[in-house]
Amino acid sequence: MSPTRNPNPRCAICGGELRDTTITHQVTEGTQVYLFEHVPAQVCQACGEIWIEEAVLQRIDRLAAAPADVQCLRCASS
Ligand SMILES: [Zn+2]
């Protein structure tokens, strides 16, 4: 079997089809609330669940922990 990434991933909850989209993702760090716009994500066409890639989530966590380094997530995540 090939270890390459499945180009058509399925929803881990219902098995529905996922479609690429961008979302606004909110992160709360203590008393601070950060809004990340244009976050690349996938939405399930069946149940509406939103999935964000692990690498993107890690990047968001880092940005929220170091607000001085906040940059354009869309530009940095290609
Ligand atoms: Zn689903």
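Figure 1. Of the contacts in the protein with a separation of 6 or more, 47% are accounted for by residues 24 or more positions apart; two residues are in contact if their C-beta atoms, placed from the backbone, lie within 7 Å. This is a predicted model, in which local features need pLDDT of at least 70 and side-chain atom pairs count only at pLDDT 80 or more, whereas totals for chains, interfaces and linings use all residues. Residues are numbered from 1 along each chain as its sequence is written. The protein has 2 helices and 3 strands, where helices (H or I, at least four residues) and strands (E, at least two) are DSSP runs numbered from the N terminus. Along the sequence, these elements follow the pattern β-β-β-α-α. Buried residues make up 4% of the 78 residues; a residue is buried if 20 or more other C-beta atoms lie within 10 Å of its own, exposed if 12 or fewer, and partly exposed in between, with C-beta atoms placed from the backbone.

Figure 2. The 3 strands form an open sheet with antiparallel pairing, in the order 1-2-3. Strand 1 (18–29) and strand 3 (50–51) are the edge strands, each pairing on one side only. Two strands pair if DSSP finds at least two bridges between them. Strand 2 (residues 32–44) pairs with strand 3 in the antiparallel sense over 2 bridges. Trp51, in strand 3, is the bridge partner of Gln42.

**Figure 3. Helix 1 against the sheet strands.** Helix 1 (residues 54–65) lies across strand 1 and strand 2. The helix runs at about 25° to strand 1; axes are lines fitted to C-alpha atoms, for helices over the stretch in contact, and angles run from 0 to 180 degrees between N-to-C directions.

**Figure 4. Surroundings of Ile50.** Ile50 is found in strand 3. Because Ile50 has 13 C-beta neighbours inside 10 Å, this residue counts as partly exposed. Leaving aside neighbours within four places in sequence, Ile50 is in contact with Ile23, Ala41 and Val43. Arg19 is 31 residues from Ile50 in sequence, and the two are 9.6 Å apart in space, C-alpha to C-alpha.

Figure 5. His38 has its place in strand 2. Although His38 is not a glycine, this residue has a positive phi of about 60°. His38 counts as partly exposed because 14 C-beta neighbours lie inside 10 Å.
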